[in-house]
Amino acid sequence: MVIGEFESRKDLIQELTSSGAKRVGNIAAIITGTVAEVTREIGEWITDAIEMNEAAAAARRDAANAPHPGEVVGPD
């Protein structure tokens, strides 16, 4: 049986469409993964900034409560 030209073109279009859909899906997965990784990195960066700010505030409180040089600290 000889495959007609119409059916041959239909098969080609079907394969191209299937291949294209798979490629688009792969690209979407890559983009989704990349966006997730970038979002995670930005979140960690913000967490680092918050922790540094809290550490700086704690250091300022400690410095404010520390005795000054020459100050005698005794029992109350």
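These legends walk through several close-up views of one predicted model.

The model is predicted, so local features need pLDDT of at least 70 and side-chain atom pairs count only at pLDDT 80 or more, while totals for chains, interfaces and linings use all residues. Residues are numbered from 1 along each chain as its sequence is written, and side-chain values use heavy atoms, with hydrogens and water left out.

View 1. Helices (H or I, at least four residues) and strands (E, at least two) are DSSP runs, numbered from the N terminus. Of the 76 residues in the chain, 0% are buried. Here, buried means under 20% relative accessible area, exposed means over 50%, and partly exposed lies in between (1.4 Å probe, protein chains only). The chain exposes about 7100 Å², and carbon and sulfur atoms supply 63% of that area. Accessible areas come from the Shrake-Rupley method with a 1.4 Å probe; for residues, only the protein chains shown count as cover.

**View 2. E5 and R9 are joined by a salt bridge.** A salt bridge is a side-chain nitrogen of Lys or Arg within 4 Å of a carboxyl oxygen of Asp or Glu. A search of the whole structure finds two of them. In this one, the N to O distance is 2.8 Å. Both E5 and R9 sit in helix 1, four residues apart, or about one turn of the helix. E5 and R9 are both exposed.

**View 3. K10 and D11 also meet through their side chains in a salt bridge.** Here the distance from N to O is 2.9 Å. K10 counts as partly exposed because its relative accessibility is 37%. D11 is partly exposed too, because its value is 29%.

**View 4. V38, I42, I46 and I50 make a nonpolar patch on the surface.** Patches are made of residues with over 30% relative accessible area and no salt bridge; like charges are joined within 9 Å, and nonpolar side chains (Val, Leu, Ile, Met, Phe, Trp, Tyr) within 5 Å. Together, the four residues have about 340 Å² of accessible area. V38 belongs to helix 1, which covers residues 5-65. With a relative accessibility of 43%, V38 counts as partly exposed.

**View 5. Negative charge gathers in a surface patch of E37, E41, E44, D48, E51 and E54.** Asp and Glu count as negative and Lys and Arg as positive, while His and the chain ends are not counted. The place of a charge is taken as NZ of Lys, CZ of Arg, CG of Asp or CD of Glu. E44 is found in helix 1, and its relative accessible area of 42% makes E44 partly exposed.
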